[in-house]
Amino acid sequence: FHATVGWDWIPTVRGREVGIWNDVRFTNAKDVVLDNPMVQSRISQPDTLATMTFSVDVTNLSDGPVRGTVAGSMDSLMFSKAVALMPGETRTVTISPSDCPELMNRQVALWWPNGYGEQALHDATFTFVAEGDTLDTANPDLCWKAGIREITWSGERTSLNLYVNGHRFL
């Protein structure tokens with residue numbers, strides 16, 4: 001980034017920093033927007049089965065209330081939860097094993113730190129299906145990569161112990 005006013009070796013350029021000077025993104029927003037996807041996982045030992053909880057922020061941009069279903073997937077696993085939003089409301093929708101028992105104790109490829117194993121990433125999606133509409137799996141609203149892992153720590157005395165998927169890391 002060059003100096004605005006110029007220095008001896010950087011002459012002033014008229015019009016510098018006038019107008020848009022950073023990234024600009026245009027999106028075609030629907031009435032309901034999904035953002036900030038996340039998956040939390042607990043790994044049971046020693047069989048390395050993952051119990052997952054998915055969440056996503058859902059915002060109603062319309063002038064009226066909206067009812068529908070937040071549907072998600074990870075690889076071939078499908079899950080969903082009904083939601084109702086008031087105009088302008090943003091809510092974090094969480095889909096846990098109590099909502100969808102298929103999220104409990106799944107055999108999945110785990111993500112490991114570099115040098116400790118594969119960094120397995122799973123194709124994941126979220127979409128909002130308004131009441132009366134049908135699910136379009138070909139065009140999800142939000143696509144992302146999910147790494148399934150559990151990172152824990154213990155602070156015994158003065159040492160910090162980090163664990164990834166139940167194995168001591170640091």
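## The segment before strand 1

Phenylalanine 26 is found in the segment before strand 1; strands (E, at least two residues) and helices (H or I, at least four) are DSSP runs, numbered from the N terminus. At 79% relative accessibility, phenylalanine 26 counts as exposed. Exposed means over 50% relative accessible area, buried under 20%, and partly exposed in between, with a 1.4 Å probe and protein chains only.

Together with Ile20 and Val24, Phe26 forms a nonpolar patch on the surface, with about 410 Å² of accessible area for the set. Patches are made of residues with over 30% relative accessible area and no salt bridge; nonpolar side chains (Val, Leu, Ile, Met, Phe, Trp, Tyr) are joined within 5 Å and like charges within 9 Å.

## Basis of the model

This is a predicted model, in which local features need pLDDT of at least 70 and side-chain atom pairs count only at pLDDT 80 or more, while totals for chains, interfaces and linings use all residues. Residues are numbered from 1 along each chain as its sequence is written, and side-chain values use heavy atoms, with hydrogens and water left out.

## Overall make-up

The protein chain has zero helices and ten strands. Buried residues make up 35% of its 170 residues. The accessible surface comes to about 11500 Å², and 52% of that belongs to carbon and sulfur atoms; areas come from the Shrake-Rupley method with a 1.4 Å probe, and for residues only the protein chains shown count as cover.

Among contacts in the protein chain with a separation of 6 or more, 54% are between residues 24 or more positions apart. Contact here means heavy atoms within 4.5 Å.

## The nonpolar core

The largest nonpolar core has 31 residues, of which Phe54, Phe126 and Ile148 touch the most other members. Seven stretches each supply at least two residues of this core: strand 1 (32-44), strand 2 (49-60), strand 3 (66-74), strand 4 (77-85), strand 5 (90-95), strand 6 (122-130) and strand 7 (142-146). Strand 2 gives the most, with five residues. Such a core is a set of buried Ala, Val, Leu, Ile, Met, Phe, Trp, Tyr and Cys residues joined through side-chain atoms within 4.5 Å. In soluble globular proteins, nonpolar side chains tend to be buried together.

Leucine 77 has its place in strand 4 and is buried, with a relative accessible area of 7%. Not counting residues up to four places away in sequence, leucine 77 touches Met52, Gly72, Glu102, Leu103 and Arg106. Leucine 77 and alanine 124 are 47 residues apart in sequence, and their C-alpha atoms are 9.2 Å apart in space.

Three strands form an open sheet in the order 8-9-10, with antiparallel pairing. Two strands pair if DSSP finds at least two bridges between them. Strand 8 (151-154) and strand 10 (167-168) are the edge strands, each pairing on one side only.

Four bridges join strand 8 to strand 9, and threonine 152 stands opposite tyrosine 163 in strand 9. Two bridges join strand 9 (residues 161-164) to strand 10, where arginine 168 stands opposite tyrosine 163.

## Positive phi values

In the hairpin of strand 8 and strand 9, with six residues between the strands, arginine 157 takes a positive phi near 55 degrees. Asparagine 165, in the loop between strand 9 and strand 10, also has a positive phi near 55 degrees. Asparagine 165 counts as buried, at 0% relative accessibility.

Aspartate 75 lies in the loop between strand 3 and strand 4. Phi of aspartate 75 is positive, near 55 degrees, and at 45% relative accessibility this residue counts as partly exposed.

## Salt bridges

The structure holds six salt bridges, each a side-chain nitrogen of Lys or Arg within 4 Å of a carboxyl oxygen of Asp or Glu. In one of them, arginine 42 pairs with glutamate 150, the closest N and O atoms being 2.8 Å apart. Arginine 42 lies in strand 1 and glutamate 150 in the loop between strand 7 and strand 8, so the pair ties together parts that are 108 residues apart in sequence. Arginine 42 is exposed at 56% relative accessibility, whereas glutamate 150 is buried at 11%.

Arginine 67 forms a salt bridge with glutamate 131, with the closest N and O atoms 3.6 Å apart. Arginine 67 is in strand 3 and glutamate 131 in the loop between strand 6 and strand 7, so this pair ties together parts 64 residues apart in sequence. Both arginine 67 and glutamate 131 are exposed.
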